[in-house]
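Subject: Structure handover

Hello,

Please find the structure below, followed by notes on what was found in it.

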Amino acid sequence: MRLKGTTPQMSGQLELPLEYRGEAPTAQRSEEVPMAARVTERSGKCDLMEMAVRRSNLQTALKRVRSNKGSPGIDGMTVDELSAHLKGHWEEIREQLLAGTYQPQRVKRRLIPKSGGGMRELGIPTVLDRFIQQALLQVLQSELDGNFSRHSYGFRPGKSAHQAVCEAQKHVQEGYRWVVDVDLEKFFDRVNHDVLMGKLARRIGDHRVLMIIRRYLEAGVMAQGGVVIERYEGTPQGGPLSPLLANVLLDEVDKELEKRGHRFVRYADDQNVHVRSRRAGERVMRLLRKLFTGLKLRINESKSAIDLAQRRTILGYSFWVTPEKTVKRRVSKKAIKAMKDRAREITQRNRGRSIGEVVTELRSYLAGWKEYYRLADTPGIFSDLDEWIRHRLRALHLKQWKRGTTIYRELRARGMSHDSAARVAANGRRWWHNSAKLINVALPNTYFDQLQLPRLAGLTITF
């Protein structure tokens with residue numbers, strides 16, 4: 001139950017009635033997932049829950065849940081309301097966690113469109129359950145992560161998608177130019193609970209932690225209209241624990257590939273094994289089918305393939321080879337299409353917004369896109385995208401000016417000659433055609449620089 005009638009206090013510290021008041025808060029680490037102090041062998045066997053409910057660990061968990069924000073779960077509680085709820089109910093929650101009796105609430109079902117079509121199902125836990133999962137994650141990450149394969153990069157401290165792309169590039173450069181690109185069919189929806197719990201039981205000795213993980217897996221889903229769907233397999237995307245559980249499950253495949261000396265990269269459920277020939281790739285594909293079948297998982301045959309690496313994508317990137325036989329990185333065609341689709345949506349000419357508002361939204365989106373694809377070795381592509389975005393914004397200007405007289409006046413005020421301004425104004429409704437050439441004089445690139453529109457060109461990073 002949630003605490004009602006209480007104003008949440010957004011202080012920097014977690015104010016809870018804990019026994020560990022005297023502990024000094026620990027500094028937050030900078031990796032993808034904050035780590036608790038290194039777990040000892042004894043705490044790994046029986047004291048993980050005590051470590052999870054320590055004040056310093058809880059403060060870090062609360063800070064992370066706040067920074068991630070996110071929408072409410074089935075109880076409607078927001079992130080801003082969590083602190084006040086914990087202040088009123090933490091003693092009871094803590095006792096339940098230590099006794100192994102805490103019961104998570106159901107997750108809220110949400111469907112979001114996938115970039116390649118279709119829908120992806122998310123399971124959104126309540127804010128309280130996200131907080132508890134985050135506290136557990138910080139302890140379990142420290143206990144489990146050191147045993148994972150160094151070729152696994154997804155959702156791990158000190159690991160990143162960029163590192164995965166660079167390792168794949170290294171394999172291709174060294175002559176392993178064929179790739180076994182495996183896509184698992186609805187991976188997060190198909191995780192077998194018994195198989196996963198069996199692997200966790202071999203790594204975690206605290207039965208209370210195992211019990212609460214099992215309960216999170218089986219909590220069920222509340223769909224639209226209050227319909228409850230029982231869950232017998234799968235781990236909901238949306239909870240902090242899900243990526244770690246995925247790594248636990250798939251680590252067996254990583255270790256088998258390592259034992260056989262294969263060169264591979266895995267990011268969550270995206271697996272790429274690099275080999276020297278198609279025949280070697282066929283052998284690896286047979287091995288992977290056997291391994292994944294043992295985990296009760298299925299390969300998506302329509303999306304998986306044995307192919308030359310430059311024909312496939314990895315985490316939004318693809319590779320190309322120079323005449324000097326050097327392997328370079330580039331943004332995949334699919335990622336460029338997705339970026340253009342989003343830019344078109346932001347710059348639609350019928351949304352009734354000012355240029356400043358449009359550029360502000362574009363700036364937010366392009367800054368993140370630019371940061372992620374900064375490894376690409378294709379400055380010409382980025383220059384073309386910059387030009388295309390400015391073209392759309394110039395067309396938006398013409399659309400907003402509407403009438404020929406207004407277009408003429410605005411263009412003249414911005415330095416365009418009488419003849420050129422008159423030609424554009426006479427065909428004022430041909431926004432895309434007119435915004436291609438003549439209008440560049442009135443709305444030059446420096447105009448968009450002044451609006452702080454990011455430029456994508458000039459972002460190549462060498463590793």
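The side chains of Arg260 and Glu256 form a salt bridge, with 2.7 Å from N to O. A salt bridge here is a side-chain nitrogen of Lys or Arg within 4 Å of a carboxyl oxygen of Asp or Glu. Arg260 is partly exposed at 49% relative accessibility, whereas Glu256 is buried at 17%. Buried means under 20% relative accessible area, exposed means over 50%, and partly exposed lies in between (1.4 Å probe, protein chains only).

Before the rest, some notes on the source: this is a predicted model, in which local features need pLDDT of at least 70 and side-chain atom pairs count only at pLDDT 80 or more, while totals for chains, interfaces and linings use all residues. Residues are numbered from 1 along each chain as its sequence is written, and side-chain values use heavy atoms, with hydrogens and water left out.

Salt bridges, continued

By the rule above, the count is 28 salt bridges. One of them pairs the side chains of Arg106 and Glu230, at 3.6 Å from N to O. This pair links distant parts of the chain, 124 residues apart: Arg106 is in the loop between H3 and strand S1 (107-113), and Glu230 is in the loop between strand S5 (228-229) and helix H9 (242-259). Helices (H or I, at least four residues) and strands (E, at least two) are DSSP runs, numbered from the N terminus. Arg106 counts as partly exposed because its relative accessibility is 27%. Glu230 is also partly exposed, at 42%.

A further salt bridge joins the side chains of Arg208 and Asp206, at 2.9 Å from N to O. Are these two partners buried or exposed? Arg208 counts as buried, with 10% relative accessibility, and Asp206 is buried, with a relative accessible area of 2%.

Helix H3

Helix H3 (residues 82-99) has a kink of about 70 degrees, centred on His89. The bend at a residue is the angle between axes fitted to the seven residues ending there and the seven starting there. His89 itself is among the buried residues of H3. Others in that group include Leu82, Leu86, Trp90, Ile93, Arg94 and Leu97. Just after H3, Gly100 has a positive phi of about 80 degrees.

Most residues other than glycine have a negative phi. Which residues other than glycine take a positive value? Lys296 has a phi near 60 degrees, and Lys325 has a phi near 70 degrees. Lys296 is in the loop between H10 and S8, and Lys325 is in the loop between strand S9 (317-321) and strand S10 (327-331). Lys296 counts as exposed, at 53% relative accessibility. Lys325 counts as exposed too, at 56%.

The loop between helix H10 (278-294) and strand S8 (305-308) also holds Leu297. Leu297 is buried, because its relative accessible area is 4%. In sequence, Leu297 and Phe187 are 110 residues apart, but in space their C-alpha atoms are 7.2 Å apart.

Surface patch

Lys114, Arg120, Lys186, Lys303 and Lys334 form a positive surface patch. Patches are made of residues with over 30% relative accessible area and no salt bridge; like charges are joined within 9 Å, and nonpolar side chains (Val, Leu, Ile, Met, Phe, Trp, Tyr) within 5 Å. Lys and Arg count as positive and Asp and Glu as negative, while His and the chain ends are not counted. The place of a charge is taken as NZ of Lys, CZ of Arg, CG of Asp or CD of Glu. Accessible areas come from the Shrake-Rupley method with a 1.4 Å probe, and for residues only the protein chains shown count as cover.

Arg394 is in helix H13 (residues 379-401) and counts as buried, at 3% relative accessibility. The C-alpha atoms of Arg394 and Ala442 are separated by 9.5 Å, the two residues being 48 apart along the chain. Tyr408 is in helix H14 (residues 404-413) and counts as partly exposed, at 27%. Between the C-alpha atoms of Tyr408 and Ala426, 18 residues apart along the chain, the separation is 8.7 Å.

Regards
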